[in-house]
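Dear colleague,

Please find below the structure that I am handing over to you. I would be grateful if you would look through it before reading the notes that come after.

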Amino acid sequence: MSLPGELTVRLAWDGRRVVRVDVESTRPLIAGRLVAGKPAAEAALMLPRLYSICGHAQNAAARSALDAAAGLAPAPQALAARATAVVLETIHEYLWRLLIDWPRAMGRSPVVAAVAAVRQRITPALQGLAGGDDSIAPALVAALEALADEHVYGEPVDAWLNRADAAAFDGWIAAGTTLPALLQRELMATAPQLGRSATMLMPAATAALLQQAVVPSLRGDPSFARAPYWQGMTAETGALARTRSWPLVAALADRDGHTVATRMAARLAELALLLRQARRPFGGDGDPRWVEAFALGRDEGLAAVQTARGLLLHRARLDDGRVADYQVVAPTEWNFHPAGPLVQGLEGAEAPDAAVLERHARLAVQALDPCVACNIEVGHA
Amino acid sequence: MCLAIPARVVSLPEPQTAVVDLGGVQKRVSLELVDDVQPGDYVIVHVGYALTKLDPEEAERTLQTFAEAGIDVDAPLR
């Protein structure tokens, strides 16, 4: 029996290598059904309540898509609050991945207390942003940074960000003073090529590119929300796609490819970049666009939000102020696409026994970070 | 994406651990990230951890929202 919204990854293994990978999803696409016919303001309140782990990103996406559809231009403060909430939520998600999920997937004890401390601090700040604040307290940022220095990087975030090439990163791994450094070392020692895929990394989702690469199929192809593609091709979204130009990530991708280890390194790099960015207010001209929204035509709007897991799309079409059509495309749909990076990364993977294969598959899934629970089944081909 | 379906806490078999009921399916979850959870409370669960405690009205409202969307959590799920 499976609950709504779980993934199952089935691996056919011939005793030596994986010969086939299937991904099955029971995620119900309920957003459209739920808000159809509702006034826009009511839909904006309902949508974020549906999702447990990226509620603030969903909130930013819903409000931005509905504003754009209604032809409204939100105040700069409201936009800053949305972007700040999305970034804060991403920091929280990354600490969770790095300190709880990743160690668990590698058979080590997670650092739950540190994540609990982060939640205690971030939750009220996120509530404040939802309730009218447009920035976060410098003390919160300093506390998050101190926590990351201690548990993730083992050195100040700025010092870690100065590690600009593979050798500097290897030095950090070798010293292994924190749990993530240790896990990275184990990963490089035991499965350096695990999860390697050649799937295209999604380009930065600017309004102009989205119009061209995504909007026609989003509007015209009913299966798009379950199996999306970028100009006809599958694409990987998330930390690795966003940080590919950062010198360290570029160097590791160049040396090792798009592997589990490179994806973990990209997550480490993006967390450090976000903590650095959070020291000053959001919304400057040079800042990455975490929330992008624009009108697609009369009564129709699209929002593209960069979440911890990657690109989240909301498209809204209104009719006389009520929702006529609503679509949500989650980042998981890109990364766990039947021909996407997870499937590509596991096809052909070698493993001496089924237990090792299952553990490796768990790590490959973890590196692409689905927003739902994922079952892994190994069968003999 | 992860649906925020409220899960009812059935029992607390050991410290920091709860058994929750989600549409007739019972699961063990960690309580390390939430405070003061009692049997009968509703929590939001994500991969092995209870994330948030909901007050009863909020839980009721959310369950109703899901029922409206065709997900009846009180009935056992397929």
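The notes below take up chain B, then the interface of the chains, and then the aromatic residues. Please bear in mind throughout that this is a predicted model.

Chain B

Chain B consists of 78 residues, of which 51% are buried. Its secondary structure comprises five strands and one helix. Read from the N terminus, the order of these elements is β-β-β-β-β-α.

The interface of chain A and chain B

Between them, chain A and chain B bury about 2800 Å². Carbon and sulfur atoms contribute 67% of this buried area. On the side of chain A, 33 residues take part in the contact, and chain B supplies 26 residues.

As for charged pairs, one salt bridge is counted between chain A and chain B. It joins the side chains of B:Lys27 and A:Glu6, with a distance of 3.4 Å from N to O. That pair qualifies because the cut-off for a salt bridge is 4 Å.

Which elements of chain A give two or more residues to the side that touches chain B? They are four helices of chain A: H1 (31-35), H2 (40-49), H4 (76-105) and H5 (112-130). The largest share comes from H5(A), which provides five residues.

Aromatic residues

Over all chains, the structure holds eight aromatic pairs. One pair is formed by A:Phe224 and A:Tyr229, whose ring centres are 5.4 Å apart. Their planes stand at 75°, so the pair is edge-to-face, given that angles over 60 degrees count as such. Is A:Phe224 buried or exposed? A:Phe224 is buried, because its relative accessible area is 0%, whereas A:Tyr229 has a relative accessibility of 23% and therefore counts as partly exposed. The cut-off behind this reading is that a residue is buried under 20% relative accessible area.

Chain A also contains an aromatic cluster made up of A:Tyr153, A:Trp160, A:Phe169 and A:Trp172.

With kind regards

How values were computed:
Residues numbered from 1 in each chain as written. Chains lettered and ligands numbered in written order. Predicted model: local features only at pLDDT ≥ 70, side-chain atom pairs only at ≥ 80, totals over all residues. Heavy atoms only, no water. Buried < 20%, exposed > 50% of the residue type's maximum accessible area, 1.4 Å probe, protein only. Phe/Tyr/Trp six-rings, centres within 6.5 Å; stacked < 30°, edge-to-face > 60°. Contact = heavy atoms within 4.5 Å. Buried area = accessible area lost by both parts, 1.4 Å probe.
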